[in-house]
Amino acid sequence: MTTRRRTLILIVIAGVFVAHCLYLSVVAEDAFISLRFAQHLAAGQGLVWNAGDAPVEGYTNFLWVLLCAGLIAAGLDPVVWAPVLGIVAGVLVVVWTWRYARDVYGQDATAALVPCALVAVSGPVAVWASSGMETVLFAWLVTATCFHAARYAAGRRTDAWAAAAFAVAATLTRPEGLLVAVILMALALATRRS
C-alpha cells in the first residue's frame, strides 16, 4: 500500500474518531471543577475556588486548568472548547499510536493502522475525549512519552528530550504522570542500545 493511501486511511480513521466523540459527547460534571478554577484564574483572581478566598488546590490537573483558563481568556466558551481540546488530544492519540505501531511493525506500515482503528472505535476513549476533562490529554502525553522513550531505548538519542518533555507535561496534567515517567525512563535506560 502506498504512503499516500495509508495517510488517507489514517485521516479517515481520525474522522471516524471525531464522529464517534461527537455522537457520544457529554460534558462530565467533574469538568466544572477545573473550569471554575480556570474561570477565576482567567479573571486574574488566581487559582481559587471562590473569588477573594485564599488559593486552594481542589484540582489534580494543573496543565488542563491552565489550558482552560487560556480558552476563557481568549473569550471562548470552555463548555464548548474544553471538549474540543479533548477531541484534538484524542486525534493525537490516534496519530501517535500509528507512529508507535509503525515502528513496531517496521516495513508493514499498513498493519500499524489496525491499533489506530481500535482507538478510534473505543467508546471510553471517545466519551472521555468529549467530556471536558483532561483524561485523553493525559493519554496522549503518556502515549507520546512511551513512543519517544522506546525510540531512545532503540538508540535515538534526541528522543530522550522529547520523552522528557512529554513526561513533564503528563505529570503537570495528572500527578501519576511522575510514576509513569520514572518507570518509562528506567526501562529506556535499562534496555538502551548504544
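Leu8 counts as exposed, because its relative accessibility is 53% and exposed means over 50%, buried under 20% and partly exposed in between (1.4 Å probe, protein chains only). The model is predicted, with local features needing pLDDT of at least 70 and side-chain atom pairs pLDDT 80 or more, while totals for chains, interfaces and linings use all residues. Residues are numbered from 1 along each chain as its sequence is written, and side-chain values use heavy atoms, leaving out hydrogens and water.

Leu8 sits in helix α1; helices here are DSSP runs (H or I, at least four residues), numbered from the N terminus. Together with Val12, Val16, Val114, Leu118 and Val121, Leu8 makes a nonpolar surface patch of about 550 Å². The elements giving two or more residues to this patch are α1 (3-23) and α5 (113-120), and α1 provides the largest share, three residues. Patch residues have over 30% relative accessible area and no salt bridge, and nonpolar side chains are joined within 5 Å.

Now let us turn to Thr97, which lies in helix α4 (residues 78-105). Is Thr97 buried or exposed? Thr97 counts as buried, because its relative accessibility is 14%.

Here are the two accessibility values:

| Residue | Relative accessibility | Class |
|---|---|---|
| Leu8 | 53% | exposed |
| Thr97 | 14% | buried |

Leaving aside residues up to four places away in sequence, Thr97 touches Pro115, Cys116, Val119 and Thr143, where contact means heavy atoms within 4.5 Å. The Thr97 side chain also reaches the backbone oxygen of Val93 at 2.6 Å. His40 is 57 residues from Thr97 in sequence and 36 Å away in space, C-alpha to C-alpha.

Conventions: Patch = residues over 30% accessible without salt bridge, like charges linked within 9 Å, V, L, I, M, F, W, Y side chains within 5 Å. Areas by Shrake-Rupley, 256 points an atom, 1.4 Å probe, with all protein chains shown as cover. Salt bridge = Lys/Arg side-chain N within 4 Å of Asp/Glu carboxyl O. Polar contact = N/O pair within 3.5 Å; in protein donor to acceptor, adjacent residues only side chain to side chain.
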